[in-house]
Amino acid sequence: MRKLLLTSLVLLSPFAVAGPECTTVEKSQWLDQTKFQDDLKAKGYEIKVFKVTDGNCYEIYGWNKEKQKVEIYFNPVTGEIVKEEIED
């Protein structure tokens with residue numbers, strides 16, 4: 001039984017990949033979500049989905065100014081990009 005459980009965990013582990021960890025700073029010190037989104041839109045981003053991740057990141061799904069489909073994780077304290085995936 002133990003072997004079966006271990007095998008199951010090993011096989012399922014690639015599916016449990018989480019996004020990045022962005023910060024441990026208290027949320028009171030984070031950038032305002034609405035202002036942050038407005039700033040991104042002013043830079044040419046189109047936001048389809050905006051959310052706060054379990055890793056304490058601001059994450060968007062949408063399009064960049066070049067109209068490429070993107071998934072981007074931002075540090076909510078600094079606004080810096082932590083991870084970015086661009087669809088060709």
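Select I60 together with I72, its bridge partner in strand β3. Strands here are DSSP runs of E with at least two residues, and helices are runs of H or I with at least four, each numbered from the N terminus. The model is a predicted one, in which local features need pLDDT of at least 70, side-chain atom pairs count only at pLDDT 80 or more, and totals for chains, interfaces and linings use all residues. Residue numbers start from 1 along each chain as its sequence is written, and side-chain values use heavy atoms, with hydrogens and water left out.

G62 has V70 as its bridge partner in β3. The hairpin of β2 and β3 has 5 residues between the strands, and K67 in its turn shows a positive phi of about 65°.

K51 stands opposite E59 in β2. In the turn of the β1-β2 hairpin, where 5 residues separate the strands, select N56, whose positive phi is about 60°.

Now display the whole sheet: it is open, has 4 strands in the order β1-β2-β3-β4, and pairs antiparallel. Because β1 and β4 (81-86) stand at the edges with a single partner strand each, one side of each is left without a neighbour in the sheet.

Finally, select helix α2 (residues 33-42), which packs on the sheet and touches β1, β2 and β3, contact meaning heavy atoms within 4.5 Å. The direction of α2 makes about 150° with that of β1; axes are lines fitted to C-alpha atoms, for helices over the stretch in contact, and angles run from 0 to 180 degrees between N-to-C directions.

Definitions and conventions:
Two strands pair if DSSP finds at least two bridges between them.
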